[in-house]
Amino acid sequence: MIVITAPTGNIGRHLLSRLLEAAPAAGEELRVIVRDPARLPDAARGRVEVIIGSHADAEVLDLAFEGADAVFWLVPPDATLTPQDAYSGFTSPATKALVAHGVGHVVGVSALGRDTPLADRAGLVTSSLAMDDLIADTGVAYRALANPSFFENLLEEAASIREKGVFTDSVDADRKAPFVAAADIAAAAAALLLDRSWTGAGSIPVLGPQDLSPNDLARIMTEQLGRPVRYERRPLDELYTHLVGHGLNEAFVQGMVDMKRAKDEGLDAGIARTPDTTSPTTFEQWCAQTLKPAVLS
């Protein structure tokens, strides 16, 4: 029995699709925790057990983890909370349920940066790494998928790209860093969940196929979209003021700012790229398949 949290999100929907294909042959049953079952794909109906509710809820977790062998754990960041509450606070009930129900394996979504000089001052990333430690301390076999920034983050810029030909971030225009597609993270998670021969705790970097700078992203978007796209760097203090002005928790916003500052200082460059840490989806492919329809719609 594999339990999937956040099965309708960017990563979870790709993971659910993969496991729906692979689980029958592997002799696995699937169970999902979801707030709104109507958002599940038609392919899942009648093929997965559905637990309705939030995976921050202890009662929901008791139902979901009963008889479970493995869990895919993803925390949806809540900008109304402090970073500690958004990650470790959200995960604390799960650690109790994992122990109570004897779950053997957990695959979690986390971030790059562990064991770097920036790890303890990287805002939301620091909180994500603390969440990993919380899960690992239960004694469960745990693998944290250590990810850089997602291609999917650019979907938030689709309107600006469409209307102004501009996307923004706060890192240097020539700062190269890894980027990854959500589908590739899901593929890594599926492989770990289906082959549970691993033990202990550790992390699995998922780095995408190449390091890219904002200027690289702009060039590729220009090519793929057939219209000029340029990058504008946004000052961190301006970002902070903007987000707090929209009612987000000030500590959470500071965590975002600290994360972005750490990334601009090379947080994601601490892992060497190897064939094992490289995932296949290129930014060109992702632009053609996902960003272009969003921008041109």
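I started with the sheet: 7 strands form an open sheet in the order E3-E2-E1-E4-E5-E6-E10, with parallel pairing. Strands here are DSSP runs of at least two residues (E), helices runs of at least four (H or I), numbered from the N terminus; two strands pair if DSSP finds at least two bridges between them. Strand E3 (49–52) and strand E10 (201–205) stand at the edges with a single partner strand each, so one side of each lacks a neighbour in the sheet.

A note on the source: this is a predicted model, where local features need pLDDT of at least 70, side-chain atom pairs count only at pLDDT 80 or more, and totals for chains, interfaces and linings use all residues. Residues are numbered from 1 along each chain as its sequence is written, and side-chain values use heavy atoms, leaving out hydrogens and water.

Next I looked at E4 and E5, which pair in the parallel sense over 4 bridges. Trp 73 stands opposite Gly 108 in E5.

Then I asked which residues touch the most other members of the largest nonpolar core. Of its 42 residues, they are Phe 65, Val 71, Trp 73, Val 106 and Ile 135. Such a core is a set of buried Ala, Val, Leu, Ile, Met, Phe, Trp, Tyr and Cys residues joined through side-chain atoms within 4.5 Å; buried means under 20% relative accessible area (1.4 Å probe, protein chains only). A second, separate core has 32 residues, including Val 34 and Phe 72.

Last, I checked Phe 65: beyond four places in sequence, its contacts (heavy atoms within 4.5 Å) include Val 3, Arg 31, Val 71 and Trp 73.

Note on methods
Buried means under 20% relative accessible area, exposed over 50%, partly exposed in between (1.4 Å probe, protein chains only).
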